[in-house]
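Welcome! Please take a moment to look over the sequence and the model shown here, and then read on for a short tour.

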Amino acid sequence: MLRRLPLLSGLALASLLFGALSQYVVRADNVKKTESEEKQAAQDWGALRDGLNGLFGDLQKDAGIKPSKISDDETFLRRIYLDLLGRPPLPEEIEAFAPGRKDAEGRKGNDKREALIDRLLAHPDHAEHFADWWMVTMIGRDADGNARRYLRQYLRQAFAENKPWDELVRTLVSARGKTPENPELGYLMAFQNLKADMAGITSKVFLGKQIQCAECHDHPYEGWTTHDFEGMEAFFRPFSTGQKGEGENRYWFNNDQPMRNPAEFERRIKMKGTYKGPTFLGGETLEFEPNLVPRDALARWMTSPENEWFRNMTVNRYMAYFLGMGFVTPVDDFNSINQPTFPVVLEQMGKAFAASGFDTHFLIKAICSSELYQREVDTNRSNRDDFMYYSRSFVKRLTPEQIQRSIMSVIGVERLNQTPEIRNVPENKLTEEEKAHKNIRDGVQNWKNNLARLMRDAYGADPQMYEFGDFDGTIIQALMMMNADLLNTGALKNAVSDIVERYPSHRDRVYQIFMTVLGRKPSKREIAILEGTFANWPNKNEQAYYDLFVALMNTTEFITNH
Amino acid sequence: MSMPISVTRRDFLRASAAAGGVIATSSFFAGAISAQDKKTAVRARNSKIKHVILLFMEGGPSQLETFDLKPGKETGAPYKEIETEVPGFRPAEHFKEIAKRAGDLCLIKSMSSKEGNHSRASYLLRTGYIPNPTLKHPSLGSIIAHQMGDPNFELPNFVKLRGAPFPAGYLGVQNNPFVISRPGAKIENLDYAKGVDKERMDRRMKLVKEMEKDFAKERGDEAVEAHKAMYEKARALMDSPLRKKFYLEDEPDEIRKEYGEGGFADSCIIARRLVETGVPAVEITLGGWDTHDDGFKRCGELIGQLDRPWAALINDLKRRGLYDSTLVIWMGEFGRTPKLTNTEGRGHWPGNFCAVLGGGGIKTGQVIGETDELGYNRDAKGNSTLKDPVSPADLYRTLGTMMDWEMSKEFEAGNRPVWLVDKESKVVEKLYK
C-alpha cells in the first residue's frame with residue numbers, strides 16, 4: 001500500500017531548488033539565443049546533471065533517506081541499452097564496455113558511462129527504438145498500417161539526425177504534401193479525418209493537456225469548456241487527406257491551402273455555433289491572415305519556447321521514461337489537481353531544454369548520466385518507500401516493442417545469418433550462390449514477420465497498456481513465451497548450437513548463455529545450482545543448454561528493465 | 001497508461017494536492033495495488049444471470065433487412081416478413097428458425113445513438129461509453145469477467161471467439177479477453193512446442209524458478225510474484241482437461257448438425273460448451289454487415305449464416321436447463337439508412353437500430369420501441385419520433401441492474417473516477433419486469 005512520505009512545504013522546497021539549480025536558471029524571456037549560444041547550452045548538460053545530483057542529494061538528506069548504491073557497470077549497461085536501443089547488450093558489447101575495468105580508451109567510472117551514452121545515441125538501433133516508442137505514444141498500436149509505416153519512417157529519420165523536438169512536432173502538426181516524399185503525414189493520417197481526435201491527442205501527447213472530455217461536457221475541474229475544445233479542434237477543421245493511385249503507386253496526400261479571404265475563413269473554420277473560432281488553448285483566438293494555414297499557427301504556438309506546457313510535458317515524459325516516474329503521474333495529465341512533485345525543478349528543466357534548442361539528447365544525457373538514473377533497484381530501510389526523491393531505481397516492465405527487439409537480438413537471427421549484398425537484378429539473373437544468400441535473407445525476414453505477428457496476437461493492439469507498472473501480463477503472453485514454435489525450434493536451436501560449438505567447456509557455455517540472454521554473469525549460487533541440475537539432466541547435451549536458454553527467456557528478469 | 005484500480009491512490013492524490021502540491025506516487029507501485037484489489041474483489045452474486053453470450057454483428061446490421069422491415073414501402077427491402085406468435089416480432093423471411101423462437105426473445109427496435117463511425121460506434125456498443133482517447137473502458141465481457149468471474153477458475157473468464165482483442169482497460173489485464181481467432185482450430189501456443197513434453201517443460205519451469213530467486217530477492221519480489229501467477233495460470237490451462245471445451249471433436253454429430261456449418265456455427269457450439277463449463281462471458285463476432293452495396297443479397301446470405309446456429313444455441317441451452325441463467329444478446333454497432341442507394345445498399349444510421357435479447361430470465365415474447373411507417377422517425381420539424389428510445393448506455397445500465405454489477409462503485413482510471421456504466425443513462429425496466 002502507498003505510504004505517506006514526509007512532505008516539504010512548498011516554500012522550503014522552492015528555496016532549496018533555487019539554490020541547487022541556480023547556475024541553471026534561464027529566464028523565459030531570454031530563451032531566444034544565437035546559434036552558438038544554443039550550442040553552448042546544449043553542451044551544458046553536465047551542469048544540469050550536477051544540478052540534479054546536488055539537489056536530490058540534498059533533498060534525500062533532508063528527508064532522512066540514504067540512497068541506494070550506484071549500479072555496477074553490468075547493471076548500468078543493460079539498463080541503458082534497453083532504454084536507448086530497446087534491447088539488451090550482446091556479449092561482445094558487454095566485453096567492449098569492460099565492466100568494472102577501464103575501457104579501450106582508458107576511461108572509467110562516469111566518463112566511461114557518458115561516452116557510452118554518446119555512442120548509443122548515435123547507434124542505428126536507437127533511432128529504430130525511439131521511432132517505435134514515439135509512434136506508439138502518438139498514434140498507438142492499432143492505427144492504420146500506412147499511417148504507422150509513414151510516421152515511423154519519419155520518426156526514425158528524425159531521431160537518426162537528432163532533429164530538434166520543436167521542429168519535429170511542428171513538422172507533424174503542420175504536415176502537408178504527399179507520401180512517400182512527406183512521411184510526416186502519417187501522424188495526422190492516423191486519425192482518419194476525425195478532427196476531434198487530432199485536437200485531443202495532439203494536446204495530450206505534446207502539451208499534457210487532456211481536453212478531450214470537454215468534447216461533450218465541460219471539464220470537471222479544469223474549467224475547459226466545450227468551446228475551448230472546439231477552439232482547438234477548429235485548427236484541424238479544414239484538414240482533409242485522400243488517397244490516389246493503385247497498388248504500388250498508391251499515395252496519400254494533403255494540400256491544405258491558406259484561406260483566401262475572411263469569408264472563406266469564416267465559412268470553413270468558424271462554421272456555425274457560438275464559439276469564437278480557432279483558439280489556442282487558454283489563449284487568443286486566431287483571426288484571418290492572408291497566406292496562413294491555421295494549422296501552422298497552432299504548430300508554432302505549441303512549440304514556442306515560451307509555451308511552458310510543451311517544454312514541461314517533454315521533460316516529464318523523458319523523466320518518466322528513464323526513471324520510471326516523472327514529476328507528474330500519469331505522465332501526460334497535467335491539471336490543477338495533479339500538480340508536479342517538484343514544480344520548480346520541472347520549470348527549470350523545461351527552460352533549460354528550450355534553451356538547448358529543444359535538443360532531446362541534452363535531456364537524455366543529463367538524466368542518464370545523473371545519479372538518479374544510475375541507482376540500484378535494491379533498496380534499504382530508509383528509502384524502501386521513496387517514490388519521490390529518486391533515491392532508488394524502479395523495475396520497469398519492457399514494452400512489447402522492447403520485448404520483440406530483445407527476443408530478436410538474443411536469438412540473433414540476423415546476427416547468425418548475415419549475407420553479403422545481393423545484386424538488384426531479376427531472380428533468374430542471380431548466381432547460385434546469390435540465390436542461396438537470398439533464401440537466407442528471405443528466411444530471416446520471414447522469421448521477423450512471424451515474430452511480429454506473434455507479438456501482435458499476444459499483446460493486442462492497445463496503445464495505453466504497458467507504459468509502466470503492469471506486471472500481470474496475460475495468459476496468452478505466457479503461452480507464447482513458453483510454447484511458440486518460433487521461440488523453441490530452428491532459430492533458437494541455432495543460437496544455442498553456436499554457443500555450444502564456440503565454447504567447449506560447460507562453464508563457458510553457461511556463462512555465455514547468461515551473457516546473451518540476461519546481459520550478466522551467472523551468480524555463484526546459480527552456477528552451483530546448474531552444476532547440480534545438469535548432472536541430473538536426463539540428456540546432458542545440447543538440449544540442456546537449450547532448456548537453460550529458454551528458461552532464462554521466461555524469467556521476470558528478461559522482460560523487465562532493472 | 002492503464003493505471004490499475006485503486007481508491008487509495010486517488011485519495012492520496014487529493015491529500016497530496018492539499019499538502020502543497022507535492023505528490024509521491026509511482027505507477028509501478030500501483031501494480032501491487034491491483035493485485036491486492038483482485039483478491040478482495042467483490043463479485044456480484046445476487047444475479048439470476050450467470051453467463052452472457054454476446055453475438056456481435058460487425059459492420060452495422062440493417063434493421064430494415066432483419067427485424068424492422070417495411071415491406072411494400074419505398075424504404076423497404078423486397079423481403080417477406082414472417083408472422084410469429086409475438087405481435088410486432090416479424091423478422092425477415094430468411095430467419096426461418098429464429099422466427100420459431102420469437103417467444104424466447106425480446107426485440108428492441110429502438111436502439112439509438114449518435115455515433116455513425118464504425119470504430120466509435122463499435123466502442124460505444126461494446127462498452128456503453130463513447131470513446132475517449134485518454135481512457136480505455138472495458139467491454140461487456142470484461143465487465144462480466146470482473147464482476148462475476150472466479151479469479152481461480154482454470155479457464156479464462158472471458159473468451160472471445162473471432163474478432164480483434166479488446167483490452168479490459170482500467171479493469172486490468174486479468175479481465176482481458178482470451179481471444180480465439182479461429183474457433184475450433186488448434187489454439188496457438190496452447191500445446192507444448194515440438195520436442196517438448198510435460199516433463200521437459202516442468203524441468204524448464206523449475207529452472208526458471210531457481211533463476212528467479214536472486215532477482216526476486218534483490219530487485220522485484222512483486223514483479224516476480226505476478227509473473228509467476230500468470231505462468232501458473234497458463235500452465236494450468238495447458239494441462240487442464242477443460243481445454244477440450246475449446247474444441248469440437250467430442251461434440252456429437254447430431255448436435256453439430258443442428259447448429260449447421262461454418263465458423264459462426266462452430267463458435268456458437270463452443271460458446272455453449274464454455275458456458276456449460278462455467279465461463280461467464282463469451283463474445284462471438286460475425287462480420288460483413290457493412291452493406292453499402294448489394295444489401296438485399298448480402299443480408300440474405302448473412303442471415304443464412306446466422307439463423308440456424310443462433311436458434312440451435314437457444315434450443316441447446318434450453319434443453320440443458322441453461323437458458324434461464326444465460327443471457328444471449330444479438331446486436332451490432334448501428335443500423336442503416338432507410339433511403340436506399342442506387343446499388344441496393346444503405347449508409348450508416350445510428351438513429352435507430354435493433355437488438356435482440358433472450359434467456360437469463362428476462363421478459364421475452366415482447367417488442368420494445370416502435371419506428372414509423374418509412375423508418376425515418378422524424379416529424380416535420382426534424383425532431384425524433386422514435387418511440388421508447390434505448391441508448392447503448394441505457395442497455396448497459398439495464399444489464400448492470402439485472403446482473404447486480406457494482407454500478408455505484410467509483411473505479412479509478414489514471415487519476416480520474418470512472419463507473420462501470422455511464423451515469424447518463426436509465427434502466428429499461430420493461431426488459432425484465
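Predicted model: local features only at pLDDT ≥ 70, side-chain atom pairs only at ≥ 80, totals over all residues.

## A pair of strands in chain B

How many strands form the open sheet of chain B, and in what order? There are 8 strands, and they follow the order β4-β3-β5-β1-β6-β9-β2-β10, with mixed pairing. At the edges stand β4 (178-180) and β10 (366-368) of chain B; each has a single partner strand, so one side of each is left without a neighbour in the sheet. From one strand to the next, the twist averages 15 degrees.

As background, strands of a sheet pair through backbone hydrogen bonds, in either a parallel or an antiparallel way.

## Where a helix of chain A meets chain B

Now for a place where two chains pack together. Helix α25 of chain A (residues 524-536) packs with helix α6 of chain B (residues 198-218) at an angle of about 165 degrees, and their axes are 10 Å apart. An angle over 145 degrees counts as roughly antiparallel, and α25(A) and α6(B) are therefore roughly antiparallel to each other. The crossing of α25(A) past α6(B) is right-handed.

Which residues make this contact? From α25(A) come R525(A), E526(A), I529(A) and T533(A), while α6(B) brings L207(B), E210(B), M211(B) and D214(B). By class, the residues of this contact between α25(A) and α6(B) are 3 nonpolar, 1 polar and 4 charged.

## The domains of chain A

Chain A is divided into domain 1 (35-125 + 309-393), domain 2 (136-302) and domain 3 (397-423 + 434-561). The centres of domain 1 and domain 2 of chain A, taken over C-alpha atoms, are separated by 32 Å. Between these two domains of chain A, 17 residues of domain 1 are in contact with 14 residues of domain 2.

On the side of domain 1 of chain A that touches domain 2 of chain A, α15 (308-323) and α17 (360-368) of chain A each supply at least two residues. The largest share of that side, 6 residues, comes from α15(A). Sorted by class, the side holds 6 nonpolar, 8 polar and 3 charged residues.

## Helix α15 and its neighbour

Helix α15(A) also packs with helix α16 of chain A, residues 343-355, at an angle of about 100 degrees, with axes 8 Å apart. That makes α15(A) roughly perpendicular to α16(A). Among the residues in this contact are R311(A) and V315(A) of α15(A), and M349(A) and F353(A) of α16(A). The contact of α15(A) with α16(A) divides into 5 nonpolar, 4 polar and 3 charged residues.

## Strands in chain A

Strand β1 of chain A (177-178) and strand β3 of chain A (251-254) run antiparallel, joined by 2 bridges. In β3(A), F253(A) is the bridge partner of K178(A), and G242(A) stands opposite F253(A) as well.

Strand β2 of chain A (242-244) pairs with β3(A) in the antiparallel sense over 3 bridges. Together, β2(A) and β3(A) form a hairpin with 6 residues between them, and G245(A) in the turn has a positive phi of about 85 degrees.

Methods
Residues numbered from 1 in each chain as written. Chains lettered and ligands numbered in written order. Pairing = 2+ DSSP bridges. Helix = DSSP H or I, 4+ residues; strand = E, 2+ residues; numbered from the N terminus. Axes fitted to C-alpha atoms, helices over the stretch in contact; angles between N-to-C directions. Parallel < 35°, antiparallel > 145°, perpendicular 65-115°, else oblique. Left-handed = near helix turned anticlockwise from the far one by under 90°. Contact = placed C-beta atoms within 7 Å. Nonpolar A, V, L, I, M, F, W, Y, C, P; charged D, E, K, R; others polar. Domains from an automatic or database assignment.
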